[in-house]
Every structure is written in structure tokens, then in C-alpha cells.
Amino acid sequence: PLYMLQPHAIHVTACRTVKLSVEHGFCSDSAVGLQIYGFGVLNIQNDVEECLKWNHTALSLVKSLGAKQMIPRVTTNVNILAYWKEPLQAKIESLKENHHELLMVGDLEILPLNAIHCCRQSLLCGRNLQTAQKECAALLHEMHQLRQMNALIGMISNHMSILKLIGSNYDSEEPLFRLLGNSEINSLDELLQFCKSNRLVGPTQQCYFDRLMLAFWSKNYEEAAHYAEKYSE
């Protein structure tokens with residue numbers, strides 16, 4: 001999906017969607033444009049409150065229209081944004097519930113995004129890492145069964161980070177890389193290089209983010225700062 005491969009380019013499409021909706025009337029599909037426009041406000045102007053306003057407006061729109069197919073999609077972004085205002089653990093259960101709702105409506109485009117953030121927040125929110133590892137492993141294999149290959153990249157990076165944090169011998173988890181169907185990827189370094197070589201911006205950022213968190217929790221603050229700069233590039 002475009003939001004994973006070129007996160008910034010999609011804001012142009014969002015502006016167009018909002019403009020057309022204002023001129024010709026709003027429908028359930030307008031909600032996607034409203035939300036991405038809100039993310040653009042956040043990314044470009046660093047305005048969290050305005051971003052939240054646009055996203056909650058989108059959710060209100062699909063609910064008022066009774067657009068059952070769109071509600072889980074829009075809810076995903078609201079849950080993702082919640083970490084700006086709420087404790088990380090606040091939306092874990094909502095992300096899990098929304099995962100099943102997305103499956104029910106067959107939204108395989110937004111499902112990987114929900115799964116990635118469910119795994120990421122499980123890692124960061126202070127829950128038992130053994131529990132998080134099992135839940136993330138189940139999601140990872142489910143994404144493989146659904147052939148969501150771009151999602152697998154970020155999820156494998158995240159999963160390996162959890163294994164390392166709990167002291168697992170993650171070299172024994174090499175079969176996870178085989179899920180990608182690329183014999184040249186057999187380590188986290190090779191995974192990162194693959195993302196960079198193919199200009200996969202979203203997955204590359206996920207790899208750097210996971211390295212940042214591992215360095216920070218290991219109190220290697222200079223290394224964490226280095227990966228923070230790489231993440232922002």
C-alpha cells in the first residue's frame with residue numbers, strides 16, 4: 001500500500017479527496033481523506049490536537065452514515081493516534097478487537113497496519129514480554145497466510161526485538177525470515193538493507209525504530225540517538 005511505501009506522497013491525494021468532498025458532498029470514502037489530511041497536519045505542522053480533530057470527525061462521519069465496512073478502517077487510525085494523548089496500554093484491547101472487525105469486513109489493506117501497531121504497542125506498553133511475543137507471533141503467521149508481505153517486514157523486525165528483550169536465542173528463529181520468500185534475507189541487518197535498497201520507507205522506519213528501542217532499553221543512549229536520526233531521515 002502507498003501509505004507504507006511512500007508515507008508523504010499520499011498526503012497530496014488526501015488534500016484532493018477533502019477538496020472534492022467539500023465541493024460535491026461527503027460520503028463514507030471521504031473519511032479516509034479526512035484522516036490522512038489529519039496525519040499530514042501532524043507530520044508537517046506537528047499539530048497533534050488538529051490531527052486528532054480530523055480523525056475523530058472522520059469516525060463520526062462513518063458512524064453517522066452507518067458505513068459498517070468503513071468503521072473498522074477509520075477506527076484503526078484513531079487507535080494509532082491515541083498514543084499521543086493516552087497511555088500506550090489504553091488501546092491494546094481495542095486494536096485486538098479491531099483486528100477481528102477488519103477480518104470480518106475483509107479489509108486486507110488496512111489490516112496489516114492495525115497488526116503492526118498492535119505488535120508495536122504490545123512491545124512498548126509495559127506488558128509481559130512473553131505474552132506479547134506469543135500474541136505477535138500469532139499475528140505474524142496470520143499475515144503470512146494472508147500474503148501481506150510488506151507488513152511481514154515490519155512485524156518480523158518487531159518480533160525479533162521482543163525475542164532479544166526477553167533473552168531468547170533469536171538465531172533459532174531464522175525460519176521467520178523464510179516467510180518473506182527471499183533467500184537473501186537471513187538476519188535483521190539484511191532485512192534493513194533490503195528495505196533501504198528497495199526504498200520501502202515505512203518498513204525501513206520500523207527497522208530503525210525497533211533498533212532505537214533496543215538501544216534505549218539497554219541504556220546505549222548514543223546508539224539510540226543515532227537510530228532516532230536515521231528514523232527521521
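Trainee: What separates Glu50 from Lys53 in helix H4?

Mentor: Helices are DSSP runs (H or I, at least four residues), numbered from the N terminus. Glu50 and Lys53 are three residues apart in helix H4, so the separation is about one helical turn.

Trainee: What kind of model is this?

Mentor: Residues are numbered from 1 along each chain as its sequence is written, and side-chain values use heavy atoms, with hydrogens and water left out. Local features need pLDDT of at least 70, side-chain atom pairs count only at pLDDT 80 or more, and totals for chains, interfaces and linings use all residues, this being a predicted model.

Trainee: How many residues apart in sequence are the parts tied together by Glu49 and Lys85?

Mentor: Glu49 and Lys85 form a salt bridge whose closest N and O atoms are 2.4 Å apart. Glu49 belongs to helix H4 (residues 48-64) and Lys85 to the loop between H5 and H6, so the parts they tie together lie apart in sequence by 36 residues.

Trainee: Arg211 and Asp189 meet in a salt bridge; is Arg211 buried or exposed?

Mentor: The N to O distance between Arg211 and Asp189 is 2.7 Å. This pair links distant parts of the chain, 22 residues apart, with Arg211 in helix H12 and Asp189 in helix H11. Buried means under 20% relative accessible area, exposed over 50% and partly exposed in between (1.4 Å probe, protein chains only). Asp189, at 53%, is exposed, whereas Arg211, at 18% relative accessibility, counts as buried.

Trainee: Which helices do the buried residues of H6 pack against?

Mentor: In H6, the buried residues are Ile92, Leu95, Asn98, His99 and Leu102. They lie on the same side of H6 because they cover an arc of only 115 degrees around the axis, taken from the directions from the helix axis to the C-beta atoms. The face turned away from that side carries the exposed residues Glu93, Glu97, His100 and Met104. With contact meaning heavy atoms within 4.5 Å, the buried residues pack against helix H5 (71-81), H7 and H8.

Trainee: Which residues of the largest nonpolar core touch the most other members?

Mentor: A nonpolar core is a set of buried Ala, Val, Leu, Ile, Met, Phe, Trp, Tyr and Cys residues joined through side-chain atoms within 4.5 Å. Of the 40 residues in the largest core, those touching the most other members are Leu140, Met155, Ile156, Leu180 and Leu191.

Trainee: What is the arrangement of the rings of Tyr208 and Tyr227?

Mentor: Rings of Phe, Tyr and Trp (its six-membered ring) pair if their centres lie within 6.5 Å; planes under 30 degrees apart count as stacked, over 60 as edge-to-face and the rest as tilted. By this rule there are five aromatic pairs. The rings of Tyr208 and Tyr227 have centres 6.2 Å apart and planes at 35 degrees, so the arrangement is tilted.

Trainee: What is the relative accessible area of Tyr208?

Mentor: Tyr227 counts as buried at 14% relative accessibility. Tyr208 is buried as well, with a relative accessible area of 8%.

How values were computed: Helices (H or I, at least four residues) and strands (E, at least two) are DSSP runs, numbered from the N terminus. A salt bridge is a side-chain nitrogen of Lys or Arg within 4 Å of a carboxyl oxygen of Asp or Glu.
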